[in-house]
Amino acid sequence: MTVDAQARDGFVTLTGTVEWHYQRKAAESRTAGVPGVVGIENAIALTRAPDARAAGDAIGCAFRRDAVLDADRLSVETFSGGLVILSGTVSSWTAHDHAVAAAWSAAGVTDVDDRIGVGYSP
């Protein structure tokens with residue numbers, strides 16, 4: 001992980017590269033805990049070349065493994081460049097959060113467009 005931070009008047013800009021989204025979030029979280037930081041711009045890029053098909057397969061498998069989710073009610077669209085579009089319906093906010101976390105956990109995902117509805121569907 002190669003991350004640089006520049007600070008000015010309490011605002012920090014994070015730049016550099018990491019392999020996984022969770023590393024981007026970890027750098028931001030650690031920065032937020034520094035006294036005097038009032039704002040963060042996270043401009044850290046992912047180094048892994050996104051493979052749309054592999055990301056979609058990984059997310060679909062994660063949906064099927066998760067007991068909270070009904071994988072048949074969710075759909076995943078992936079695009080080169082790391083964009084993932086999630087759609088469908090889940091029965092709770094917990095299920096929603098599981099689905100979004102599964103998408104962010106796939107290699108090469110750089111952006112998740114969350115179109116999942118929450119509500120009871122018979």
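Let's start with Thr31, which touches Val12, Leu14, Val37 and Ile40, not counting residues up to four places away in sequence; contact here means heavy atoms within 4.5 Å. This is a predicted model, in which local features need pLDDT of at least 70 and side-chain atom pairs count only at pLDDT 80 or more, while totals for chains, interfaces and linings use all residues. Residues are numbered from 1 along each chain as its sequence is written, and side-chain values use heavy atoms, with hydrogens and water left out.

- Thr31 sits in helix α1, residues 21-32; helices (H or I, at least four residues) and strands (E, at least two) are DSSP runs numbered from the N terminus.
- Thr31 is buried because its relative accessible area is 12%, and buried means under 20%, exposed over 50% and partly exposed in between (1.4 Å probe, protein chains only).
- From Thr31, the side chain reaches the backbone oxygen of Ala27 at 2.7 Å.
- Arg24 also lies in helix α1, and it counts as buried at 16% relative accessibility.
- Beyond its neighbours within four places in sequence, Arg24 contacts Val18, Asn42, Ile44, Leu46 and Thr110.
- Arg24 and Leu14 are 10 residues apart along the chain, and their C-alpha atoms are separated by 9.1 Å.

**The nonpolar cores**

- A nonpolar core is a set of buried Ala, Val, Leu, Ile, Met, Phe, Trp, Tyr and Cys residues joined through side-chain atoms within 4.5 Å.
- The largest one has 19 residues, of which Ile59, Phe63, Leu69, Leu74, Leu86 and Val109 touch the most other members.
- At least two residues of this core come from each of α2 (52-65), β6 (83-90), α3 (93-104) and β7 (111-118), and α3 gives the largest share, 5 residues.
- Another core, of 6 residues, lies apart from it and includes Val12, Leu14, Val18 and Ala27.
- Leu74 is in contact with Phe63, Leu69, Ser87, Gly88, Thr89, Val90, Ala99 and Ile116, leaving aside neighbours within four places in sequence.

**Where α2 meets α3**

- Ile59, Ala62 and Phe63 in α2 meet Ala99, Ala102 and Ala103 in α3.
- By class, this contact of α2 with α3 has 6 nonpolar, no polar and no charged residues; Ala, Val, Leu, Ile, Met, Phe, Trp, Tyr, Cys and Pro count as nonpolar, Asp, Glu, Lys and Arg as charged, and the others, Gly among them, as polar.
- The axes of α2 and α3 come within 9 Å and cross at roughly 145°; axes are lines fitted to C-alpha atoms, for helices over the stretch in contact, with angles running from 0 to 180 degrees between N-to-C directions.

Conventions: Polar contact = N/O pair within 3.5 Å; in protein donor to acceptor, adjacent residues only side chain to side chain.
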